[in-house]
Amino acid sequence: MKKILVTGGCGYIGSHTIVDLIENGFEVISVDDNSRSTLYALNAIEKITGVPVKNYTLNLTDFTATRNIFLENKDIVGIIHFAAYKAVGESCELPLMYYENNLISLINLLKCVQEFKVPHFVFSSSCTVYGNPDSIPVTENFPIKKAESPYGATKQMGETILQDFSKVSATTSILLRYFNPVGAHPSGLMGELPLGKPMNLVPAITQTAIGKLPKMYVWGNDYPTRDGSCIRDYIHVCDIAHAHTLALQYLLASKNKSNCDVFNLGTGDGVSVLEAIKTFEAVSNVKLNYEIGPRRSGDVIAIYANNELAVQLLGWRIQYGITEMMDTAWKWELKLKNDKIV
Ligand code: WQD
């Protein structure tokens, strides 16, 4: 079996991707410092797949420790790099922590890729690199606009670092630009483990619905959109996960068009905040306690993907719609409460 190193493997998207990789015949090892995750996800992966996954508990800004992974695993054929801090607001308060963690980790990894000649590398990027697009849907050749936050800047810089590295390396890479990953594994055994007050929409909805939060706010309903609230491209985490498996298979089959291909990972459908709330209420049969609040600084008015490249070249097929996204997210929130996980 081909061995893949998943960084951030204990995290939300990383853990769902490990499940998909194992189900598609890959051997997987993880590295995660568990600063923003726990080993709970690895247990869930084993329950779902029957396969135990080894995690190297270290921070990738420690080059010596990172290099040791490659000394111990000379047969890594690909890396999927998720490990990064990703809270937009926190990154504005602690920019140096974000630049150090997100960029030094990537550079250390790529130094190991170079030394150990790892053939393939997949980078977790984000639609945040597009900023406020001039039109929608966005395609991969849309201009990269000035990032709204240090978090977004680290994604843009990460893409540039990888593009420049790809020009001088035999390693083939892919940048995957996620839109808004939401939902949970259909088994109900795994989902997003929220740490602290939720900043993202769907955890805020489910935590309000279950009573962890007394109410939530819709940050602005006076935008120039069909119902005044912001529009996003919500994409199920399992669809995102499978796209990573397809990206690796694409590289392994040498189908890549360049040494650093780029793909949007979104459904291509825009959903407003108020529409997302209405869908949740219909799915959960819970009336959500929310108020209209002020606009949130840095919010993009509307963005959703043109995903034709991923569909045509990776063979990606979206399996989940907004209803299943809300249904799986709600079922996961109910499990967190019933099992007292957090
Ligand atoms: C979506 C919409 C909010 C919470 C960010 C990053 C992106 C990715 C996902 C990491 C906005 C509104 C939210 C709430 C609300 N991060 N909202 N009330 O900002 O589109 O994307 O997170 O991978 O890179 O940029 O996602 O879920 O925070 O917000 O009204 O309590 O929901 O204002 O319009 P966002 P989000």
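The model is predicted, so local features are reported only at pLDDT of at least 70 and side-chain atom pairs only at pLDDT 80 or more, while totals for chains, interfaces and linings take in all residues. Residues are numbered from 1 along each chain as its sequence is written, and side-chain values use heavy atoms, with hydrogens and water left out.

The nonpolar interior comes first. A nonpolar core here is a set of buried Ala, Val, Leu, Ile, Met, Phe, Trp, Tyr and Cys residues joined through side-chain atoms within 4.5 Å; buried means under 20% relative accessible area, exposed over 50%, and partly exposed in between, with a 1.4 Å probe and protein chains only. The largest core holds 39 residues, and Ile4, Val6, Leu21, Ile45, Ile80, Leu176 and Leu265 touch the most other members. At least two residues each come from β1 (3-7), α1, α2 (40-49), β4 (76-81), β6 (172-178), α8, β11 (260-265) and α10 (308-314). Of these, α8 gives the largest share, nine residues. Helices (H or I, at least four residues) and strands (E, at least two) are DSSP runs, numbered from the N terminus. Setting aside residues up to four places away in sequence, Val6 touches Gly14, Ile18, Leu21, Val28, Ile29, Ser30, Val31, Ile80 and Phe82, where contact means heavy atoms within 4.5 Å. There is also a second, separate core of 25 residues, with Ile69, Phe70, Ile76 and Leu162 among them. In soluble globular proteins, nonpolar side chains tend to be buried together.

On a 1 Å grid over the protein atoms alone, a cavity is a set of points where a 1.4 Å probe fits but cannot get out, whereas a pocket is an open set with protein on both sides within 12 Å along at least five of seven lines; lining residues have an atom within 4 Å of a point. Points are joined across faces, edges and corners, and a volume is the space filled by probe spheres set on them. Two cavities of 30 Å³ or more turn up.

By class, the second largest cavity shows six nonpolar, five polar and one charged residue.

As for open sites, the second largest pocket comes to about 150 Å³. Of its 14 lining residues, Asp20, Cys238, Asp239, His242 and Tyr320 are closest to the centre. Both α1 (12-23) and α8 (237-252) contribute at least two lining residues to this pocket, and the lining has six nonpolar, four polar and four charged residues.

No disulfides (pairs of cysteine sulfur atoms within 2.5 Å) show up: the count for the whole structure is zero. For Cys10, the nearest cysteine sulfur is that of Cys238, 17 Å away. Cys10 is buried, at 4% relative accessibility. Cys92 is partly exposed at 46%, and its sulfur is too far for a bond because the closest cysteine sulfur, in Cys127, is 16 Å away.

Finally, some loop details. The Ile136 to Pro137 peptide bond is cis, with omega near 0 degrees, and Pro137 sits in the loop between β5 and α6. Ser254, in the loop between α8 and β11, has a positive phi of about 55 degrees without being a glycine, and is exposed at 58% relative accessible area. Asn285 also has a positive phi, near 65 degrees; this residue lies in the loop between α9 (273-284) and β13 and is exposed at 72%. Most residues other than glycine have a negative phi, and most peptide bonds are trans.

Methods. Nonpolar A, V, L, I, M, F, W, Y, C, P; charged D, E, K, R; others polar.
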